[in-house]
Amino acid sequence: MKFRKVSAILVGAIVLSVLGGCGKKKNDAIEDMQNNYEQYVTLGEYKGVEYTPTHTEVTDDDIQYEIDSLLQDNTTENQIMDRAATMGDAVNIDYVGSIDGEEFDGGSTQGGGTEITLGSSGYIEGFDEQIIGHTPGDAFDVNVTFPDDYQAEDLAGKPAVFDTTLNYIVEKVEPEYNDVLVASATDYKTTTEFESAKRKELEEQNEESDLETDKAAIMHKILESSSVSEYPENEINDRVKSMIDSVTQSAQSSGSDLATYLSYYGYTEDAFRQQVETSVKEYIEEKMIVVTIADKEKITATDEEVEAKKQELLDQMGITDIEQLKAAYGYEDEDFDYMVLYEKVLDFVYKNATQVEATATDADEASDEDAEDIELVEDEDEATSDAPAEIVDDYGTDE
């Protein structure tokens, strides 16, 4: 659900090693939030919320994916140097792109080599075809024109020349899936044992994921049935500024200005600001409602719990500098307290919710949502299909 995803981005990762909390002392940050928010919140029903439990089955396709991943991880490559490249070949190339003799950002492999499959590289139309017929070691120009609707407006519609070198043709050698491979590449001895273990792992993962889905559905209903009469505008404005400043710094670190950086995601500066403002407002609304529920039910977070959560996140992120994380993601100190509080409130409303059986209408709606998800994925693929390799790698839509 997009709403939760947006909130998770704002709340979700932080800082600092455990300093040792103050035990059962009431959390001052949470008390401040309750004092600031509660008068503006009208809660809907948050106990006895009805939900239909999610149950995701492990399919044969899921197991086949695990098998395919094992094969891919153990596939070896040979570098072919003695024939010309043909359509469908995987090839390793280097290139430097220029427009009117001037190199442009993101248009070079910088001598590191990149692998593409001719005919399905996702590069600009006509790029792949000009590699066909060349032999490894050849250096040649690839002449293309960026589409008029290209994401980077400074490149859109312009002719470009890529000084290209075909390094080698890649021949992939996939191993046979059998007991020998499984025993040598995994902790299991046979294919049967491998598949059984993977099925159990996936069932456990699905159970955890289904639980989070159910909790999110319950919280969504609570948010929909509750209302906020007034928002803390100063807090919203400060958070919007902080997030935009953070992205601006990321753009500068990558050698781009903000407008160019955002264009790789398909945003204008105005559209991005609107998205940030909407996301921040949704997050603040959620926080006001959750904090109010916590106060009604005497739920709080101790300093120990907050510090333990910080350490957990630090370990996950592999980062030790709190200020670096706060600057990168626009975090405020109280977000750490709220993260713990949110999880405890979420557990509370889940335990007090009511399970109901799925109806035929629910099943139809779920199928429609799945179809929309597939359509969105296809659209995302199209959105990046004309980007040079470095842009696809750095600014892709994998999320």
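Mentor: Gladly. Let us begin with glutamate 305, which is partly exposed because its relative accessible area of 30% falls between the 20% and 50% cut-offs. Keep in mind that this is a predicted model.

Trainee: Which helix is the place of glutamate 305 in?

Mentor: Glutamate 305 sits in helix α9, which covers residues 303-317.

Trainee: What is glutamate 305 in contact with, leaving aside its neighbours within four places in sequence?

Mentor: With those neighbours set aside, the contacts of glutamate 305 are Thr300, Val340 and Lys344. Its side chain also reaches the backbone nitrogen of threonine 302, at 2.9 Å. As for phenylalanine 336, 31 residues away along the chain, its C-alpha atom and that of glutamate 305 are 9.9 Å apart.

Trainee: And how should I read a nonpolar core?

Mentor: The general idea is that nonpolar side chains tend to be buried together in soluble globular proteins. Here, the largest nonpolar core has 46 residues, and Met219, Ile222, Val345 and Val349 touch the most other members.

Trainee: Which helices each supply at least two residues of this core?

Mentor: They are α2, α5, α6, α7, α8 and α11. The largest share, eleven residues, comes from α8.

Trainee: What does isoleucine 222 contact, leaving aside its neighbours within four places in sequence?

Mentor: Apart from those neighbours, isoleucine 222 is in contact with Glu45, Tyr46, Val49, Ile289, Ile293 and Val349.

Key: Residues are numbered from 1 along each chain as its sequence is written. This is a predicted model: local features need pLDDT of at least 70, side-chain atom pairs count only at pLDDT 80 or more; totals for chains, interfaces and linings use all residues. Side-chain values use heavy atoms; hydrogens and water are left out. A nonpolar core is a set of buried Ala, Val, Leu, Ile, Met, Phe, Trp, Tyr and Cys residues joined through side-chain atoms within 4.5 Å. Buried means under 20% relative accessible area, exposed over 50%, partly exposed in between (1.4 Å probe, protein chains only). Helices (H or I, at least four residues) and strands (E, at least two) are DSSP runs, numbered from the N terminus. Contact means heavy atoms within 4.5 Å. A polar contact is a pair of N or O atoms within 3.5 Å; within protein, one must be able to donate a hydrogen and the other to accept it, and residues adjacent in sequence count only if both atoms are side-chain atoms.
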